[in-house]
Amino acid sequence: MGRKLRKDFRRAADADSERTAEQEEKRRQRRAKKRRGKLRLLLRLMLVAVLVLCVVALFANWKDIAPDSFVSWAEDLFAGTTGGSWPVVMMGESVGDLQEVGGNLVVLTDTATVYYNGNGGESLRNTCAYAKPLMRSNGRFVLLMEAGGNRYRLETRSGQEHEKTLNGTLYTGGVSVKGDVAVVTGSTQSYVSDVTVYSRSGEQRYQWLSSEWMVMDVAFAADGNTLAVVGCRSNGGAMQSTVTVFNLRERDQQPVSYTADNVLYSRVHFTGSGTVIAIGDTALRFVNPRGSLDVAVPLNEREPVGFAFSGGDVAIATRPYGTQDGGTVEVYSATGDKRLTATYEGAFRDVSAMNGSFLVLTDRFVYETGGDGFVRQGTVAPDSRMVGAIDGKPLVLGLTLLEPVVWND
């Protein structure tokens, strides 16, 4: 039986090579699929990790991120203090100040800072043992100082940030929207005044010692990196005042100063546009250290009895010297332009800001500014002492009650 010999051996080799190539391609595809799967898994894990970190960061910093009113509402909700009703009885407490702070109305008494929500409920009470408490606020921060003492405390609705005991006698101070604190003390060395800036955590950030100016007030710019100071001195037997602006980041940079004769600047305010407004006994001063603005507005021989700041505007209440009955309220923009003039009746009591307008209180009426003068007025009791607002709701403090304003028809 004969057999046929196979002479072409390349065909088997080619078939084997093709099968090997197919198997190798499948192995490459499987390896590539596994790599893609591992890469997708790694990306998913990284995405989950980023989301977890974002959530953790959000919870850790939500008080700094969320609007102040929402933070106050959330804390009232968790603490069960969302209730309440007006009026609020203020028996046995001497009230020194009313300020709207971070969605709460903060009432400074001789023994505590009391936080009220928009419904009139007491959200928080922080006791203090300061002989003469003085309060300043900015954003959600409250600076409580012991005027004539040596202690101050920085707090928010959420709790106390820090408290310090100073070496010199504390006279006044200010707080920035970021929580930095500037305090004015009598210097323990051969200086007249000591202005020291502390961070939110209480670390010293800046210090200015003055051998010639007695500092009356301080105010931070919106970014917290610039500080305005007003001071006075005797020059040739006459009163001289200054507005001095410091760059807290550039310590070697010389401050910008504006001086004036025969005026005593007692308060200072930094607007959001960078304008500094100084309140004097005979004139107002509007300056901008980054521009050419320098405007003095005389009070025309009228006695200043009260003032308030609202954003870039300032309201100044004056009356003729020698009289207690009746006066004028003028509102100026940050450039020193007069926005309105209005005449009030009765003995002046207080002026306060409310949602871009101003409230003026006398022993007869409470007024709200708007347009070219007053847009509303309400009758109040003769014992009314202070006026304030929370969430656009005007409130009047009497001897025993803190109650909402009822406007006349």
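Predicted model: local features only at pLDDT ≥ 70, side-chain atom pairs only at ≥ 80, totals over all residues.
Figure 1. Although D391 is not a glycine, its phi is positive, at about 55°. N355 is a residue other than glycine that also carries a positive phi, in this case near 50°. The loop that holds N355 lies between β26 (348-354) and β27 (357-362). N355 has a relative accessibility of 64% and counts as exposed, because the limit for that class is over 50%. As background to this view, most residues other than glycine have a negative phi.

**Figure 2. The cis peptide bond from W86 to P87.** The peptide bond that leads from W86 into P87 is cis. Its omega is near 0°. P87 belongs to the loop that connects α2 (68-79) with β1 (88-89). In general, most peptide bonds are trans.

**Figure 3. The salt bridge between E212 and R233.** E212 and R233 form a salt bridge in which the closest N and O atoms are 2.3 Å apart. E212 sits in the loop between β13 (204-210) and β14 (214-220), whereas R233 is part of strand β15 (residues 226-235), so the pair ties together parts that are 21 residues apart in sequence. E212 is partly exposed, with 44% relative accessibility. R233 is also partly exposed, at 24%. As a general point, side chains of opposite charge can pair when their charged atoms come close.

**Figure 4. The salt bridge between R364 and D325.** In the salt bridge of R364 with D325, the closest N and O atoms are 3.1 Å apart. The two residues link distant parts of the chain, 39 residues apart. R364 is in the loop between β27 and β28 (365-370), and D325 is in the loop between β23 (313-320) and β24 (327-332). R364 is partly exposed at 36% relative accessibility, and D325 is partly exposed at 46%.

**Figure 5. The salt bridge between R125 and E122.** The side chains of R125 and E122 meet in a salt bridge, with an N to O distance of 3.0 Å. R125 has a relative accessible area of 34% and is partly exposed. E122 is partly exposed as well, at 38% relative accessibility. The count of salt bridges in the model comes to 13.

Figure 6. T362 is found in strand β27. With a relative accessible area of 0%, T362 is buried, because the limit for that class is under 20%. The side chain of T362 reaches the backbone nitrogen of R364 at 3.1 Å. Not counting residues up to four places away in sequence, T362 touches Y344, E345, G346, A347, F348, R349, Y367 and V380.

**Figure 7. G280 in strand β19.** Strand β19 (residues 276-280) holds G280. G280 is buried, and its relative accessible area is 3%. With neighbours within four places in sequence left aside, G280 is in contact with V263, L264, Y265, L299 and P304. The C-alpha atom of G280 is separated by 9.2 Å from that of V268, a residue 12 places apart from it along the chain.

**Figure 8. The second largest pocket and its lining.** The volume of the second largest pocket is about 290 Å³. Its lining is made of 19 residues, and the closest to its centre are T226, V245, F270, P289 and R290. Strand β16 (residues 238-247) gives the most to this lining, with 3 residues. By class, the lining has 8 nonpolar, 9 polar and 2 charged residues. In general, rolling a probe the size of a water molecule over the atoms shows where empty space is left.

**Figure 9. The protein chain as a setting for the close-up views.** The protein chain has 2 helices and 32 strands. Of its 409 residues, 47% count as buried. Among contacts between residues at least 6 apart in sequence, 40% join residues at least 24 apart.

Notes. Residues numbered from 1 in each chain as written. Heavy atoms only, no water. Helix = DSSP H or I, 4+ residues; strand = E, 2+ residues; numbered from the N terminus. Buried < 20%, exposed > 50% of the residue type's maximum accessible area, 1.4 Å probe, protein only. Salt bridge = Lys/Arg side-chain N within 4 Å of Asp/Glu carboxyl O. Polar contact = N/O pair within 3.5 Å; in protein donor to acceptor, adjacent residues only side chain to side chain. Contact = heavy atoms within 4.5 Å. 1 Å grid on protein atoms, 1.4 Å probe; cavity = no way out; pocket = protein on both sides within 12 Å on 5 of 7 lines; lining within 4 Å. Points joined across faces, edges and corners; volume = space filled by probe spheres on them. Nonpolar A, V, L, I, M, F, W, Y, C, P; charged D, E, K, R; others polar.
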